[in-house]
Structure formats: C-alpha cells, structure tokens
Amino acid sequence: MTEENKDVVNNEEQEVQAVLQIQRIYVKDVSFEAPNLPHIFNQEWKPKLAFDLSTETVKLADDLYEVCLNISVETTLEDSGDVAFICEVKQAGVFTISGLEDMQMAHCLTAQCPNMLFPYARELVSNLVNRGTFPALNLSPVNFDALFVEYLQRQQQEQESAEQAKAN
C-alpha cells in the first residue's frame, strides 16, 4: 500500500499544471492622424479601409512574456483617394505562462493572448475614430486560432518547398 501511495505522489508531481495569467494589460503606443481635415468632411463618405494586424512576443523572464497586438487601420475615400485617417494601436499585455509544450506555447502566445488583448484594442480604435468625428468604426472579431492554423500550414508548405529545392 505504501508503494502505491508513492507512485500516486510521483505521478502527481510529474503532471505540470498549465498556467496562463494576465499580469498587466496596457496601451504601448497609439497614433491617430487625419491629414486632410477639415476639407475631407466636404467629400462624399465612401471609405476604403486597409486593415493590418500583427503580433510581437518578448520573453521578459522565466514564464513571463510580453505580447503586443499591433493594429493599423488606414481609411481613404474611394472617389478622391484622400486619406481620411490613419489609426495605429499597440495593445500589450504581460502574461505568466508555464507548463506548456512548444506547440501549446506557440498557440498561447500567438492566439490566446492576442485574443485577450483584442477587445481592448478594438475599443481604443473605435474611440479614436469617434474623437476624430468620423462615422463609427467597429472592427470585426478576429479568429486568432484560424490565423495560427494558417501560419502553421504556411510554415509546412515553405519547409516542403525548401526540401524539394534541395532535392532538385
């Protein structure tokens, strides 16, 4: 009976608990430009949006990471091509993450953490556009899990292409 108890304790010690905790969420950088004000308001509002999204990750210490979600929105008017506004937001957070395998860690840093940051960035973009007195801009939700899967597929295709190039 004593040996069985020792085996149970050893198994429990070997099982590492996965941890994901938000330590801090903050705005790292923000920019709003409306270079063609006020004459842009005299034009018909037919906006053409260009949206860019990226993430950056920095390891700060053991199990401590900064994840930064970068969002850039540039709106031009279809008819004139004039820039209505450019809004750039870097929404960041510090996260404690431990107990994950490599692929799980990559998913956490590139999908789960940005998913937590997105609502804050979305609100900030909306607020900045509103303060410029432009029509409301509500960014659509982003499926970071799907973006992660696409990234993995691209990596696999690039690796296969590189292997084929070496074979030829």
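**Entry 1: the core.** I looked up the largest nonpolar core and found that, of its 31 residues, Ile-71, Phe-85, Ile-97 and Val-125 touch the most other members. I recorded that strand S3 (64-77), strand S4 (83-98), helix H2 (102-131) and H3 each supply at least two residues of this core. H2 gives the most, with 12 residues. I note that the model is predicted.

**Entry 2: Ile-71.** I listed the contacts of Ile-71, leaving out residues up to four places away in sequence; among them are Phe-51, Leu-53, Cys-87, Val-89, Phe-118, Val-125 and Leu-139.

**Entry 3: aromatic pairs.** I found six aromatic pairs in the structure. Phe-32 belongs to strand S1 (residues 19-33) and Phe-85 to strand S4, 53 residues apart.

I then turned to Phe-85 and Phe-134, a tilted pair with 5.0 Å from centre to centre and 50° between the planes. Phe-134 sits in the loop between H2 and H3 and Phe-85 in strand S4, so this pair ties together parts 49 residues apart in sequence. Both Phe-85 and Phe-134 are buried. I also noted one aromatic cluster formed by Phe-32, Phe-41, Trp-45, Phe-85 and Phe-134.

**Entry 4: the surface.** I looked up a nonpolar surface patch made of Met-103, Tyr-151 and Leu-152, which together have about 270 Å² of accessible area. Tyr-151 is found in helix H3 (residues 144-167). I recorded Tyr-151 as partly exposed, with a relative accessible area of 39%.

Conventions
Residues are numbered from 1 along each chain as its sequence is written. This is a predicted model: local features need pLDDT of at least 70, side-chain atom pairs count only at pLDDT 80 or more; totals for chains, interfaces and linings use all residues. Side-chain values use heavy atoms; hydrogens and water are left out. Patches are made of residues with over 30% relative accessible area and no salt bridge: like charges are joined within 9 Å, nonpolar side chains (Val, Leu, Ile, Met, Phe, Trp, Tyr) within 5 Å. Accessible areas come from the Shrake-Rupley method with a 1.4 Å probe; for residues, only the protein chains shown count as cover. A salt bridge is a side-chain nitrogen of Lys or Arg within 4 Å of a carboxyl oxygen of Asp or Glu. Helices (H or I, at least four residues) and strands (E, at least two) are DSSP runs, numbered from the N terminus. Buried means under 20% relative accessible area, exposed over 50%, partly exposed in between (1.4 Å probe, protein chains only). A nonpolar core is a set of buried Ala, Val, Leu, Ile, Met, Phe, Trp, Tyr and Cys residues joined through side-chain atoms within 4.5 Å. Contact means heavy atoms within 4.5 Å. Rings of Phe, Tyr and Trp (its six-membered ring) pair if their centres lie within 6.5 Å; planes under 30 degrees apart count as stacked, over 60 as edge-to-face and the rest as tilted.
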